[in-house]
Amino acid sequence: MNSRILIRKIGQRREASLVLLIIVLLALVSIRAPGFLAPANIQRIVNDTSILVMVSIGQFFVILAGGIDLSVGSIIGFSGMAASLINEANPGLPAGVVLILGVLIGAGFGMVNGSLVAFGKVPPIITTLGTMSVYRGLTFVMSKGEWVTAHEMTDSYMLLPHGNFLGISNLIWWGIVVSALLYYVSRFTRSGREVYAIGGNKTAAKFVGVSEKKIQFMIFAISGTISGLAGVMWTARYAAAVNETATGFELQTVAACVIGGVSIAGGSGAVPGVILGALFMGIINNALPVINLSPFLQLFIQGAIVLLAMLINTLSEQRRDKKALQERLA
Amino acid sequence: MKRQEDTFNRDVAGPDLVASTRLVNENSLKERLILIFTKWEVLLGVLLLLVFVFFSNISPYFLDTFNLLNTTFTFTEKAVMALPMIFIIMSGDIDISVASIIALSSFSMGYASSMGAGTWELVAIGVAVGLAAGIFNGFFIAKVGMPAIAVTLATQSLFRGISQAVLEDQAYTKYPQSFAYFGQGYVGESLVPFSLVFFLVLAAIMGFVLHKTKYGRKVYAIGNAKEAARFCGVHVNRIRFINFALMGLFSGIAAVLLTSRIGSTRPNIALGYDMEVITLVVLGGVSITGGKGNLFGVLMAIFLLGYLKFGMGLINLSAKVMVITTGVLLIVAVLLPAFLDSVKAWRKLRLQKQGSSMESV
């Protein structure tokens with residue numbers, strides 16, 4: 001393989017163009033605000049974005065199989081509130097146990113989604129649109145509409161994301177561990193490849209013996225578990241559990257996926273792209289106040305970015321399909 | 001010879017397959033009653049009756065003509081949006097940006113009103129902005145070929161984002177006096193709200209379009225088998241485009257009604273309406289996988305959910321409990337028909353097997 005083909009191949013990868021895009025974005029922002037590129041600030045951004053990275057990878061598995069999970073924000077809200085309430089009621093309970101309980105709650109909610117989709121045959125969009133409301137409503141009912149604030153949480157609970165190891169915060173470590181684990185699952189395990197198979201061609205996958213039900217149950221369970229973890233991290237990091245935690249977060253996770261080159265129709269995409277997509281969103285969110293743009297613009301910008309990224313994905317997919325067809329005809 | 005064939009089939013395919021081809025008597029009174037009472041619209045009617053009986057026993061304020069008519073104010077906007085949503089869901093798409101279309105349309109009216117626009121100009125602007133938003137969705141979905149769920153998820157933020165970017169934490173509250181009629185007025189001197197009558201007229205028109213025109217039949221055809229419809233010469237993408245444009249138009253109308261009723265525009269106006277509108281349609285028996293359902297079922301669902309919420313409000317259940325109820329109903333409305341179908345299939349197979357065992361005796 002000569003070097004020109006190699007360069008072209010790298011250029012075609014979504015990850016490469018995303019890295020380039022992020023560098024350009026960082027450069028543009030740092031012209032307006034030179035302090036933006038300081039190592040401490042970069043670490044702050046990565047720290048802020050770790051939760052988005054984790055949940056986006058969960059969302060990635062669901063989208064990869066051709067579904068969508070709109071309930072991630074509500075699961076984060078519920079598990080965060082539940083963990084905070086447990087922590088408030090039992091200050092003696094080790095933070096690690098509270099963390100595990102929060103993760104288990106998220107996993108349980110994810111499995112409810114998964115059961116409805118896999119065994120109840122309810123389409124993912126309907127299931128998660130419904131459970132999005134149900135879980136959010138349950139959060140209000142459980143908390144009676146009240147908040148848990150910093151002085152009601154134990155120090156060890158708040159240290160879960162804030163502590164650091166080798167100079168890097170625990171939250172970033174969680175992001176790295178979860179990303180690495182799920183990268184491994186998607187790339188090198190049988191189940192991971194089966195998710196690609198189901199998303200790529202459901203009928204063909206069934207014929208070679210892939211269990212669609214098992215995969216559907218699994219991806220929603222993964223997404224829920226990560227959201228549970230994210231809920232605990234979220235409330236501990238911001239030292240407050242409010243009922244509206246992570247409302248609208250599902251859009252950001254879908255955004256990270258489509259920016260990362262995941263096809264919304266399922267079957268294509270990869271974890272590294274999703275991580276970069278999430279980082280891109282994180283940088284945008286953090287850059288807005290720095291370059292004096294109103295935070296009220298955030299919703300609009302997010303929507304515009306998602307639409308644009310999806311448009312690019314769709315057009316390039318269509319061009320690729322057309323090219324493949326022409327090659328086959330030639 | 002006959003007997004030989006039978007044993008052969010049984011060896012190869014098992015008794016179930018043999019039995020499932022057997023004719024059983026499905027015209028007995030019991031079978032017919034079961035068929036009628038498991039019909040979705042009948043189930044909804046029974047549920048509506050139960051809601052009326054239950055709440056009128058609990059609260060003396062429920063069964064009151066004035067209250068029953070006035071309650072419709074709270075759900076006509078969603079009911080109006082449910083009409084084109086039938087077309088969209090019927091043809092296998094979905095639109096989760098409708099609440100944001102209301103936000104955008106209401107914001108435009110508020111802006112125009114602050115510039116001194118009159119009542120009819122406001123209505124025209126509200127409806128036109130809704131239509132434009134629907135065309136925007138339709139363009140990306142039907143012309144470019146992007147998935148409906150993805151496009152409307154993005155425009156959900158985009159449309160609301162525009163009004164939020166300009167309004168920030170402010171609100172428009174100045175509307176002309178006569179503008180209030182659409183969402184608050186009554187027909188003549190009667191107790192009948194204008195918006196209810198208006199909705200019923202729209203429902204009649206959309207019912208006619210869905211059930212009596214070529215356009216409506218094509219929507220069913222697309223929902224049943226998109227590819228087959230295309231090969232039969234149905235312009236699938238044109239119809240999907242019109243569906244989304246209609247959805248925008250009706251969301252604009254709903255925005256006029258809602259803005260007129262509450263008399264103000266905040267960035268969070270109509271938040272959560274997407275889920276409720278989709279729930280109405282799915283609860284009304286329209287299949288999310290397309291091709292099944294009718295407008296009458298959706299009408300039943302609209303009144304069922306509207307009066308259920310009214311009753312729950314009367315006995316002081318919080319808004320959050322109602323949101324949970326709506327979410328559960330949405331899922332149950334999809335789960336239950338599939339469950340009923342499989343129970344029916346199982347019953348039929350059992351009857352068929354009974355028939356075969358009787359024969360062999």
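**Figure 1. Salt bridges across the predicted model.** The structure holds 11 salt bridges, counted over all chains. A salt bridge here is a side-chain nitrogen of Lys or Arg within 4 Å of a carboxyl oxygen of Asp or Glu. This is a predicted model: local features need pLDDT of at least 70, side-chain atom pairs count only at pLDDT 80 or more, and totals for chains, interfaces and linings use all residues. Residues are numbered from 1 along each chain as its sequence is written, chains are lettered from A and ligands numbered from 1 in the order in which they are written, and side-chain values use heavy atoms, with hydrogens and water left out.

**Figure 2. D48(A) and R237(A) form a salt bridge in chain A.** N to O, the side chains meet at 2.3 Å. The pair links distant parts of the chain, 189 residues apart. D48(A) sits in helix α3 (residues 39-64) of chain A, and R237(A) in helix α11 (residues 212-238) of chain A. Helices (H or I, at least four residues) and strands (E, at least two) are DSSP runs, numbered from the N terminus. D48(A) is partly exposed, at 22% relative accessible area. R237(A) is buried, at 17%. Buried means under 20% relative accessible area, exposed over 50%, and partly exposed in between (1.4 Å probe, protein chains only). R44(A) joins D48(A) and R237(A) in a network of salt bridges.

**Figure 3. E194(A) and R190(A) pair within one helix.** Their side chains meet in a salt bridge of 3.1 Å, N to O. Both residues belong to helix α9 (residues 190-200) of chain A. They are 4 residues apart, so about one helical turn separates them. E194(A) is buried, with a relative accessible area of 8%. R190(A) is exposed, with 64%.

**Figure 4. E276(B) and K309(B) form a salt bridge in chain B.** The closest N and O atoms are 2.7 Å apart. E276(B) lies in helix α14 (residues 273-283) of chain B, and K309(B) in helix α15 (residues 295-314) of chain B. The pair therefore ties together parts that are 33 residues apart in sequence. E276(B) counts as buried, at 15% relative accessibility.

**Figure 5. The contact between chain A and chain B.** Chain A brings 35 residues and chain B brings 34 residues. Contact means heavy atoms within 4.5 Å. About 3,100 Å² is buried between the chains, and carbon and sulfur atoms give 87% of that area. Buried area is the accessible area (1.4 Å probe) that two parts lose on being put together, summed over both. In chain A, I126(A), F296(A) and L307(A) lose the most area to chain B, together 21% of what that side buries.

**Figure 6. The side of chain A that touches chain B.** The count of salt bridges between chain A and chain B is 0. Helices α6 (124-143), α12 (249-259) and α14 (298-329) of chain A each supply at least two residues of this side. The largest share, 12 residues, comes from α6(A). This side divides into 25 nonpolar residues, 10 polar and no charged. Ala, Val, Leu, Ile, Met, Phe, Trp, Tyr, Cys and Pro count as nonpolar, Asp, Glu, Lys and Arg as charged, and the others, Gly among them, as polar.

**Figure 7. I149(B) and its contacts in both chains.** I149(B) is placed in helix α8 (residues 148-167) of chain B. I149(B) counts as buried, at 19% relative accessibility. Leaving aside neighbours within four places in sequence, I149(B) is in contact with I68(A), I125(A), I94(B) and I96(B). E168(B) is 19 residues from I149(B) in sequence and 27 Å away in space, C-alpha to C-alpha.
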